[in-house]
Amino acid sequence: EYKGMSKARMMEIRQQNCSPMTMKVTYYKEPVFIHQGYMQWLWDVDGRRYLDLFAGVATVSVGHCHPKVRAAAEQQMKKLWHTTNIYVYPTLHEYCEKLVSYFPDPLKVIYLTNSGSEANDLAMLMARLHTGNYDIITLRGSYHGGSPQAMGLTSNAAYKYPIANGLGCTNTMCPDVFRGPWGGSHCRDSPVQTTRECSCAQGTKNTAMQLSVHSSNTKCCMIKSHDEATLKCICMANEQYIGQLQETLATSVPTRIAAFFGEPIQGVGGAVQYPKNYLKQAYKLVRERGGICIADEVQTGFGRTGSHFWGFQGHDVIPDMVTMAKGIGNGFPMGAVVTTPEIAASFAKGIHFNTFGGNPVACAVASSVLDIIKEDGTQKVSLDVGSYLMVELAKLRDKYEIIGDVRGKGLQIGVEMVKDKVSRDPLSHQDMVEIFEDVKDMGVLIGKGGVYGQTFRIKPPMCITKEDADFFLAVFNKSIQNYMERR
Ligand code: PMP
């Protein structure tokens with residue numbers, strides 16, 4: 001019984017009266033009936049405790065029911081819930097001033113929305129109005145939302161409907177150095193690198209471990225020093241993927257475009273990271289074509305990548321626009337767009353109205369989230385615990401044939417599962433589910449993702465500890481062992 005309602009009755013209502021998404025997705029064979037949450041923990045109605053490493057898809061940023069967020073919401077609820085911003089009330093102004101201080105110049109103007117899809121819809125509209133161009137480029141495997149407009153940006157068949165969604169959106173090859181046609185052992189900015197052999201032009205084959213051994217071999221394209229070798233390796237894969245973007249620009253869109261959208265690290269796509277410099281070079285090409293560059297920080301923002309507050313900072317770029325949601329409100333419905341005064345001026349020619357965007361309770365909540373990130377040091381937790389997790393997971397990758405790749409930054413982590421390391425064929429859905437269910441049965445909730453559903457996603461509330469990480473590592477190790485024993 002849960003609030004007087006049986007599990008069976010909830011499932012009946014889910015089938016008959018809830019949205020198709022709710023009907024289809026219970027995520028597990030036996031649904032998890034949640035009773036309560038606190039920080040990194042969830043309890044089900046039978047009193048079982050779960051370590052939540054998925055955080056409602058990277059949404060619960062500072063912890064379930066964080067006491068300070070709850071206090072901020074409660075305080076605001078006592079005073080005022082709503083204004084539609086037709087009257088002037090402090091919370092929106094306090095929050096916008098605070099949020100803007102986290103961005104580099106010239107990102108100065110904030111628009112508050114209620115979700116990530118809404119933020120991306122707005123970003124598409126603003127980019128088109130500002131540039132006078134229509135076409136938008138995104139990366140394959142990306143997820144930018146489910147509204148008909150944002151669905152055009154999204155590049156994952158599972159989330160597409162057979163309608164003319166998001167006209168003018170073209171998806172280009174994702175620079176995925178593990179699964180894509182070109183890879184390399186030192187291509188991405190992560191505490192762990194792929195073990196995939198380097199695909200440098202001379203055909204030299206070096207694994208990450210062999211790299212230092214080969215570093216003095218002058219026949220190898222990775223000559224002289226380790227650093228130069230690394231640089232060379234980065235350039236080769238990156239050049240190939242940038243070449244693909246150039247080809248898309250030459251063949252699939254008009255000569256002038258409106259925008260390029262990119263997640264700093266793909267979320268739904270399975271924590272896919274691009275080679276260092278990819279975004280920097282992509283931004284340059286896009287700007288040359290009259291387009292603006294938009295970073296979708298819905299999953300990667302608010303310190304999740306550990307090394308930086310925003311994911312784009314890890315790519316050494318400054319976007320013209322950034323979209324946010326999820327972690328911005330620690331689970332409270334909210335989204336935002338930040339852009340430059342110049343782009344905002346183009347948009348100011350009409351009236352943009354949003355009934356709930358900038359709601360006083362949402363602003364109070366989001367403001368407390370920013371305070372907590374500072375006070376609780378959550379960005380450092382992301383960096384420390386995230387790096388530890390990845391390094392330890394990489395040890396499991398080296399131990400088991402079915403763990404193909406471990407990647408990510410901070411607490412945005414992907415573990416890509418394969419049939420074997422040579423073919424890199426994705427592990428079957430059935431096998432993924434087997435491991436996934438086992439991990440849950442041992443008390444840990446993780447996510448699934450990747451275009452082929454082949455990647456486990458780990459993106460917990462940023463309050464987890466090293467002990468939690470160790471618990472998960474033991475559980476994950478055991479689940480793989482169980483899987484092997486059953487074979
Ligand atoms: N962008 C990214 C990167 C996302 O992960 C998501 C949601 N998964 C969205 C946009 C859409 O956000 P929402 O579900 O709040 O509309």
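Let's start with the buried side of helix H15. Asp-468, Ala-469, Phe-472, Val-475, Phe-476, Ser-479 and Ile-480 are buried there. Buried means 20 or more other C-beta atoms within 10 Å of the residue's own; exposed means 12 or fewer, partly exposed is in between, and C-beta atoms are placed from the backbone. Down the axis of H15, the buried residues fall within an arc of 135°, so they line one face of the helix. The arc is taken over the directions from the helix axis to the C-beta atoms.

Before I go on, two notes. This is a predicted model: local features need pLDDT of at least 70, side-chain atom pairs count only at pLDDT 80 or more, and totals for chains, interfaces and linings use all residues. Residues are numbered from 1 along each chain as its sequence is written.

Back to H15. The helix covers residues 466–486, which is 21 residues. From first C-alpha to last it reaches 30 Å, close to the 30 Å expected at 1.5 Å a residue. That expected span is 1.5 Å times one less than the number of residues. Helices (H or I, at least four residues) and strands (E, at least two) are DSSP runs, numbered from the N terminus.

What sits on the face of H15 turned away from the buried side? Exposed residues: Glu-467, Ala-474, Gln-481, Met-484 and Glu-485. And what covers the buried residues? The cover includes strand E3 (49–52), helix H13 (378–399), helix H14 (429–441) and strand E13 (444–445). Contact here means C-beta atoms, placed from the backbone, within 7 Å.

Two of those elements come back. E3 and E13 belong to an open sheet of 4 strands, in the order E1-E2-E3-E13, with mixed pairing. E1 and E13 stand at the edges with a single partner strand each, so one side of each has no neighbour in the sheet. Two strands pair if DSSP finds at least two bridges between them. E1 and E2 pair antiparallel over 4 bridges. In that pair, Gly-37 has Leu-42 of E2 as its bridge partner.

Between E1 (34–38) and E2 (41–44) is a loop, and Met-39 lies in it. Met-39 has a positive phi of about 50°, although it is not a glycine. Most residues other than glycine have a negative phi, and most peptide bonds are trans. Met-39 is partly exposed, with 16 other C-beta atoms within 10 Å.

Arg-424 is another non-glycine with a positive phi, about 55°. Its loop runs between E12 and H14. Arg-424 counts as partly exposed, with 16 C-beta neighbours inside 10 Å.

Now a peptide bond. Asp-105 to Pro-106 is cis, with omega near 0°. Pro-106 is in the loop between helix H5 (90–100) and strand E4 (109–113).

Next, strand E12, residues 412–417. Buried or exposed? Mostly covered: 6 of its 6 residues are buried. Gln-412, Gly-414 and Glu-416 are on one side; Ile-413, Val-415 and Met-417 are on the other. In a regular strand the side chains alternate between the two faces of the sheet.

E12 has E11 (residues 403–409) as an antiparallel partner, joined by 6 bridges. Asp-405 has Glu-416 of E12 as its bridge partner. E11 and E12 form a hairpin with 2 residues between them, and Gly-410 in the turn has a positive phi of about 55°. E12 also runs antiparallel to E15 (residues 455–458), with 4 bridges. There, Ile-413 stands opposite Ile-458.

Strand E5, residues 136–139, is covered on both faces as well. Ile-136 and Thr-138 are buried on one side, Ile-137 and Leu-139 on the other. E5 pairs in the parallel sense with E7 (residues 259–262) over 2 bridges, and Ile-136 stands opposite Ala-259. E5 is also parallel to E6 (residues 169–172), over 4 bridges. In that pair, Ile-137 stands opposite Thr-170.

Last, the ligand. Of the 15 residues around it, Ser-115, Gly-116, Ser-117, Gly-145 and Val-298 come nearest. A residue is near a molecule or strand if its C-beta atom, placed from the backbone, lies within 6 Å of it. Which helix gives the largest share of the shell? Helix H6 (residues 116–131), with 3 residues. By type, the shell divides into 5 nonpolar, 8 polar and 2 charged. Ala, Val, Leu, Ile, Met, Phe, Trp, Tyr, Cys and Pro count as nonpolar, Asp, Glu, Lys and Arg as charged, and the others, Gly among them, as polar.

Technical notes
Two residues are in contact if their C-beta atoms, placed from the backbone, lie within 7 Å.
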